[in-house]
2 protein chains.
Amino acid sequence: MHSSARYGGLLTDKYELTMLAAALRDGTAGRRVGFEMFTRRLPEARRYGVVAGTGRFLEALGQFTFDDSSLGLLEEFLDSQTVAFLADFRFRGDIDGYPEGELHFAGSPILSVRGTFAECVVLETLLLSIFNHDTAIASAAARMVNAAGGRPLIEMGSRRTHEQAAVAAARAAYLAGFAGTSNLEAHRRFGVPVLGTSAHAFTLLHTGPDGESAAFRAQVAAQGVDTTLLVDTYDVATGVANAVAAAGPGLAAVRIDSGELAVLAQQVRDQLDRLGATRTKIVVSGDLDEYGIAALRAAPVDSYGVGTSVVTGSGVPAAGFVYKLVEVDGQPVHKRSAGKQTRGGRKQALRVARESGIVTEEVIYPAGRPPAVDAWARTLTVPLVHGGDVVADTGVAALAEARERVASGLDSLPWEGLKLAHGEPAIPTRLVGGD
Amino acid sequence: MHSSARYGGLLTDKYELTMLAAALRDGTAGRRVGFEMFTRRLPEARRYGVVAGTGRFLEALGQFTFDDSSLGLLEEFLDSQTVAFLADFRFRGDIDGYPEGELHFAGSPILSVRGTFAECVVLETLLLSIFNHDTAIASAAARMVNAAGGRPLIEMGSRRTHEQAAVAAARAAYLAGFAGTSNLEAHRRFGVPVLGTSAHAFTLLHTGPDGESAAFRAQVAAQGVDTTLLVDTYDVATGVANAVAAAGPGLAAVRIDSGELAVLAQQVRDQLDRLGATRTKIVVSGDLDEYGIAALRAAPVDSYGVGTSVVTGSGVPAAGFVYKLVEVDGQPVHKRSAGKQTRGGRKQALRVARESGIVTEEVIYPAGRPPAVDAWARTLTVPLVHGGDVVADTGVAALAEARERVASGLDSLPWEGLKLAHGEPAIPTRLVGGD
């Protein structure tokens, strides 16, 4: 495998490997350690986060190796013992954590990675890249799904983010409850439903006075009436008339991509109904975020196309996860830098709920020592990797399960926890026991 | 080549291919067209942007093909004529545009893509992904370089963005003037200098009362004194004393990653000088952005490590580029949607300067019809692709040239144009001629 592999070992900060070299040299590389991934706070005073990236991380773990080309480059600055270690590298430790799609809060012990220092430290960069990106997207997307109140959302932001990040973003948005994506590679790689409409360029290509009608007829000829015609290249009312003339009242949908969407949606709905196209749906798009989506609740909109805001995390492009050493040879460790104290020791968590299913708090406790809780409570941590072997489900079925998990997680929040406005976390986090 | 190739054809929105199918069917696919990439405004009232992505795009162009696995998936929704077209797809048109590293402003015609509608439309998603991402990073990075006033910056944000976006971000930051990156793959793929320090985990791994000193001695044993020791795991003053004790006064650098950096930097500088380590440098890091960097101008800081803010575009994660059809069969076209009018026709641009070299305006004109300008003026548009063949330099040497271009571009701005505060563009853009 060439080192340009999707998850090759060089997707790593240099210092992970120089630390490895120093630890191999002084004999500390083999110490049994625990690292933990968590976030110190929810970004932008959000009320919850949605864990995403687990499936991609578990896939990456098996591909995270160093081929000959990579090793050649590493010889520039690493000694031969370290290069030999990396040539044989395969993670053989244990990982448990929150399942993908679980909600999380500040301090939630989302991932616990245990093994030798050597094998745990080299995973840091790739692991954080995957979770910081995917969780940022899923957390923003869940807010949009909630704002849409049951109407479908389509992720169409591939062009607004790095071309490979776009594929992961499509997956994360789907996980959070989006209906599908415009991105073909996300369909191939992760089975995300792929959807599409058309662009203004296609209408403009059909020059001449009858251009828009010609474009609509061409689209219907190629795709049938189960298609979405883009009606705002010129005048929207004329566009709608042309669309129904080209496709008939059985046209699946029209899309409006600009202007005052609430007003236009009502005008278009009225016009479609007058033309007998009562079942033709209205798709809106154009710089929508969760607030724009919420503002259209009263408008006759059937679905939303969302671009920039979802693929860039709607103001929060990285989830804020860190990966910290919390345990060495069974003893808790933590640094004491100003403002960045972390609690040592391996941790697990419970989520406590009322009988109604509405959650009330997250309880974080030293691993293996769950507190007695006088209420319904669910252990959040599940095994993911054992002795280097992935023991959790991955792939399309696991993604579908994660999607269900987000939906039931959102259902379990108290209503204040679903507010879009910044504020307190939906539920408090409580630390018990420990040092 | 498997379709998971770095720049495979499926990194595309579905609608590009359904538009292609409709155009092939109605005979418009072969029309000669021009598309243009530009931004309607500079995001967040920034004063300039830095074009980045050109090198990656030119590399992508040759890899943007559809293999058998991709074609099999496309058969789900495309007719056989369209699938056959994509099986043979190779861009054979012409592209010119601003060279990589050139400054740009709102409306700058950054890329002009000409060929058949079929070959130009399928490039849209990948092209915009690359330029929107890389330009966002380079534009933010250039502001940081300017804020640092000549002190070196190290990009260390890989863990805060998608793992492949991290590689492109390292390249874009280097292009904009950063000294290097922590990302090993960016070093391998693009020749970006790779740098590294160490993490708190390495100190914590060395448990016991003498742990920090043991960690420093191990790092020096492995890397020599030409290394950077991280001194803020526990008490900074003790850390500095331990660092100089372990490495001697020839220690290359210490890093402070937390706390009130301006105060700590001065204390650490004084302490290092007292210990005779007068040439030991101070690296600071920890949630720095261009404003944080500027605020440290008076502090005795030698270099900055920058993470989240640079890889996420410092509040602007996407550059805002769009790709619009501007010409069909030699005639200008443009849509008339509310608030999104674009000017039709292929365009080029001149940048006008005083004799001192300080620029005064950007003049955009219909391609091939440059206006008479009564001042020193430079044509911004250069040939990039001719008949499908890349005619511009790419690779490591071109990246170095682009880096020079950013530096001289920043030098050419009037001083108000370098202010970090939001405001008017550094120079006005003037459209001349055209419809």
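## Domains of chain A

Chain A is divided into domain 1 (14–137 + 316–431) and domain 2 (148–311), with bounds that come from an automatic or database domain assignment. The centres of the two domains, taken over C-alpha atoms, are separated by 37 Å, and the contact (heavy atoms within 4.5 Å) takes 19 residues from domain 1 and 20 residues from domain 2.

This is a predicted model, in which local features need pLDDT of at least 70 and side-chain atom pairs count only at pLDDT 80 or more, while totals for chains, interfaces and linings use all residues. Residues are numbered from 1 along each chain as its sequence is written, chains are lettered from A and ligands numbered from 1 in the order in which they are written, and side-chain values use heavy atoms, with hydrogens and water left out.

## Between the two domains

Domain 1 and domain 2 of chain A bury about 1,500 Å² between them, 66% of it on carbon and sulfur atoms; buried area is the accessible area (1.4 Å probe) that two parts lose on being put together, summed over both. Of the area that domain 1 buries against domain 2, A:I137, A:L399 and A:R403 supply 44%, more than any other three residues.

The count between these domains is 1 salt bridge, where the term requires a side-chain nitrogen of Lys or Arg within 4 Å of a carboxyl oxygen of Asp or Glu.

## The interface of chains A and B

On the chain B side, 98 residues are in contact with 98 residues of chain A. The area buried between the chains is about 7,800 Å², of which carbon and sulfur atoms give 60%, and B:R159, B:L184 and B:L205 supply 11% of the area that chain B buries against chain A, more than any other three residues.

The rule finds 8 salt bridges across this interface. A:E16 forms a salt bridge with B:R159, with the closest N and O atoms 3.1 Å apart.

B:L184 is found in helix α8 (residues 184–190) of chain B, helices being DSSP runs (H or I, at least four residues) numbered from the N terminus. B:L184 is buried, with a relative accessible area of 0%, where buried means under 20% (1.4 Å probe, protein chains only).

Not counting residues up to four places away in sequence, B:L184 touches residues including A:L10, A:L17, A:L73, A:L74 and A:F77 of chain A, as well as B:V194. The C-alpha atoms of B:L184 and B:A245, 61 residues apart along the chain, are separated by 31 Å.

How values were computed: Helix = DSSP H or I, 4+ residues; strand = E, 2+ residues; numbered from the N terminus. Buried < 20%, exposed > 50% of the residue type's maximum accessible area, 1.4 Å probe, protein only.
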